[in-house]
Amino acid sequence: MTRHFYEDDDNFITNKPGTTDPITPKLQSQESIHGGENATIIDGMVIRTTPILEKYTNSIRQYLITKFNIFEAELETQKSAGMNEWRDLKAEFNSIVNEPILPNSIYILTAGLTGSIIVRNRNIGLRLITPLVFGGCALKYFMPRTFGNLSKEYNEFEMKTVPDVYKQRQELIGQLRYWRSEAEVQRVKVNDCVIEQVHDLRKKWSQVWD
C-alpha cells in the first residue's frame, strides 16, 4: 500500500494574513497602528520598509544612473568626434593625393630602397638622406601633383611653426634660383661663343681652300 506523507498538509498549513491573502479590515487597522510609518498596506498586503536602507539604496542607484548617463554621453561625444576626425583626415588625404596610389607608390618605394642600397656602406647621415632624396625625386616624377600639394602643405606648416627657418629657406631657394639662372645665361653665352668660333673657323678654312 502506497503511503502519502503530504496528503493532509493543506489541513495544517495556514498562511499568515497579509502575506498571500488580504487581511481583514480589523487586522488592517491594527497593523497600521503597530507598524507605524514603516508599514504600508497595498491591495490588502502589509509591506514593511526600512527608511534608512531605502535612502542609501536610492542614493546609490541615482549615483550609478548619473555616472552611467555621463559615461554614455561622453562615449557618444568621443564617437562623434572620432568620426569627424576621420572624415576630415580622409578629405585632407584626397585633397593632397591626386594620382593613383598603385602602382606609383611601388615605384617610389623602389627608388627609396635603391638609394638605400647604393649608400649601404657609407656613413649614417648619407644613409638617411639618400633614400629620402631618391624617394622625393621619384615622387616628383611619378606623382607631380601630389608632390606639389605636399610641398605647399609643408611650406604652410613651416611658415606657421618656424617662420625664421621658412624665411631662411626661401632666401636660400631664391639664391639657388639666381645662381641657376646665371649659370643658364653663362651656358647660353658659351654656346653662342662656341657656335661663333666654329662659324669663323669654317669661314677661314673655306677661304684657305678657295
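Leaving aside neighbours within four places in sequence, which residues is A111 in contact with? In this predicted model, the answer is F134 and A138. That pair of contacts makes a handy way into the rest of the structure.

A111 and A138 both belong to the largest nonpolar core, a set of seven residues that also takes in I96, V97, I108, L139 and M143. Two elements give two or more residues each to this core: helix 3, running over 104–118, and helix 4, running over 124–142. As a general point, nonpolar side chains in soluble globular proteins tend to be buried together.

Helix 3 is worth a look of its own. With 15 residues, helix 3 reaches 21 Å from its first C-alpha to its last, close to the 21 Å expected at 1.5 Å a residue. Its buried residues are N104, I108, A111, G112 and G115. Seen down the helix axis, these buried residues fall within an arc of 95°, so they line one face of helix 3. What do they pack against? The partner is helix 4. Turned away from that buried side, the other face of helix 3 carries L109, L113 and I117, which are exposed.

Helix 4 turns up again at the largest pocket, where helix 4, helix 5 (144–161) and helix 6 (163–209) each give two or more residues to the lining. The volume of this pocket is about 300 Å³. Its lining is made up of L139, K140, F147, L150, S151, N155, R169, Q170, I173 and R177.

Technical notes
Residues numbered from 1 in each chain as written. Predicted model: local features only at pLDDT ≥ 70, side-chain atom pairs only at ≥ 80, totals over all residues. Heavy atoms only, no water. Core = buried A, V, L, I, M, F, W, Y, C linked by side-chain atoms within 4.5 Å. Buried < 20%, exposed > 50% of the residue type's maximum accessible area, 1.4 Å probe, protein only. Helix = DSSP H or I, 4+ residues; strand = E, 2+ residues; numbered from the N terminus. Contact = heavy atoms within 4.5 Å. Expected span 1.5 Å × (residues − 1). Arc of directions from axis to C-beta. 1 Å grid on protein atoms, 1.4 Å probe; cavity = no way out; pocket = protein on both sides within 12 Å on 5 of 7 lines; lining within 4 Å. Points joined across faces, edges and corners; volume = space filled by probe spheres on them.
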